Amino acid sequence: MSEEHETALRGNEPSSTRLVATLGLAGLLSGLIIVSVFEATLPTITAYKAKVLREAVFEVLPDISRMRRLAYLDGRLTAKEQEEKDEQAVFGGYDADGRLMGYAIPSAGPGFQDTIRLLYGYLPAERKVVGMEILESRETPGLGDKIYKDAAFVANFGDLSIDPEIVSVKKGTKTAPNQVDAITGATISSKAVVRIINEGNRRWLERLPGPNEAPAFEVQKEQKGRKR
Amino acid sequence: MSSTRAQPDAYQEFIKGLWRDNPVFVQVLGMCPMLAVTNSATNALAMGGATFFVLVASSFLVSSLKQWIPKQVRISTYIIIIATFVTVTDFTLAALVPEIHKELGAFIPLIVANCMILGRQEAFASRNSVRLAVVDALGMASGFLFALFALGSVREILGEGAFFGLDLFGSDFEPWVIMILPPGGFLTLGLLLLFFSWIRERKEKLAQQLAETEAELR
């Protein structure tokens, strides 16, 4: 304490080397701690995200028993579990015999406040959406968040024709199989969900082969072998 | 001698944060997370818990290192210390309770900017013993947690008709949606501030009356 006092009296400042060293050391230690915690928690966080996505695939394609990630490479769908950057992919849902039943398509777009990311199930044979799950959204609590909290709204996507395209209508006025009853008080969020699915359809439908031409469940190993 | 004297001191420091100088109801600090994430009791507790850890850990470290931190760079060093603990909390919550972490969103990283935390380092931890700094941080953090929880409970009960996600009133209750929206945060906070000031004022008046009657009796 006396030392500090004397320094203050003499008006001596600690050297700038000491100031830089203090901050540098603090930054270095902080960086080391952050990196080790990041490394320690990363596997759990990645595993959780993968689990959420898997569960969502089974949620939006109710009757499937197996799934496989299908990446869109060189104009065709290829079974590929390893994710890569800037790669577009859907998830194929298969029945117990390995036959393709439908696709779970991820899509995203602007909502009321922030990007909404969702996953929807699509049956190519019937040209129908059979399920929708919101993966990420920051819609207004109590109003916009009904896009995943309101069971009646979510049920709209359980059996929804996509032709010519999905439209949202005022609540209670749904008459056609391609219409969705919007949520009262959350029209923008409801319309956003419909728009995001329509955009997903525009991007993916022509790329998706029908049930018979799709990559079958077991084929994966052979394909890999052939490529190599 | 020091231990007998330090005991009431430490107790006073703790109670100060929890009640007399409550960071929210008296000092009106840390309003941003206070208003933003208190739309349910669970979120309020998680936010309060995260802030609790960051404040206590930072106060401990700042107080332990106070001789080695030159005063010209003290604020930057405090911020580095606080930011480290916040980032550690952020990753830990994301790994342990991902659902809650998703709800709290950007507000966990924003604990860095909570003026209550930096304020305690500058005003208390950097000038007092490690023991007192930790007790002070425990008190302030408990006070903050208590305030968040009070606000979160009121808003969830009125705005969703639920408490910790459990339905309270059945289907006949029409949720008062505005209470879980931002305006509801301001309304509830205002009313709680009013309530706590009223209690304080009443207590002071009572104490004054007591003193007067005592004086008359003599």
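**Close-up 1. Right-handed crossing of α7(B) and α8(B).** In this predicted model, α7(B) and α8(B) cross in a right-handed manner (the near helix is turned clockwise from the far one by less than a right angle). Helix α7 spans residues 130-160 of chain B, and helix α8 residues 182-217 of chain B. They pack at an angle of about 125°, with axes 10 Å apart (axes are lines fitted to C-alpha atoms over the stretch in contact; angles run from 0 to 180 degrees between N-to-C directions).

**Close-up 2. The contact of α7(B) with α8(B).** From α7(B) come B:A150, B:L151, B:V154, B:R155 and B:G159; from α8(B) come B:G184, B:G185, B:T188, B:L189 and B:L192 (contact: C-beta atoms, placed from the backbone, within 7 Å). They divide into 5 nonpolar, 4 polar and 1 charged (Ala, Val, Leu, Ile, Met, Phe, Trp, Tyr, Cys and Pro are nonpolar; Asp, Glu, Lys and Arg charged; the others, Gly among them, polar).

**Close-up 3. The open sheet of chain A.** Its 7 strands follow the order β2-β1-β3-β4-β5-β6-β7, with antiparallel pairing (at least two DSSP bridges per pair; strands are E runs of at least two residues, helices H or I runs of at least four). β2 (76-79) and β7 (160-161) of chain A are the edges; each has a single partner strand, so one side lacks a neighbour in the sheet.

**Close-up 4. Helix α2 across the sheet.** Helix α2 (residues 16-60) of chain A lies across β1, β3, β4, β5 and β6 of chain A, at about 155° to β6(A).

Residues are numbered from 1 along each chain as its sequence is written, and chains are lettered from A and ligands numbered from 1 in the order written. Local features need pLDDT of at least 70 and side-chain atom pairs pLDDT 80 or more, while totals for chains, interfaces and linings use all residues.

Technical notes
Contact = placed C-beta atoms within 7 Å.
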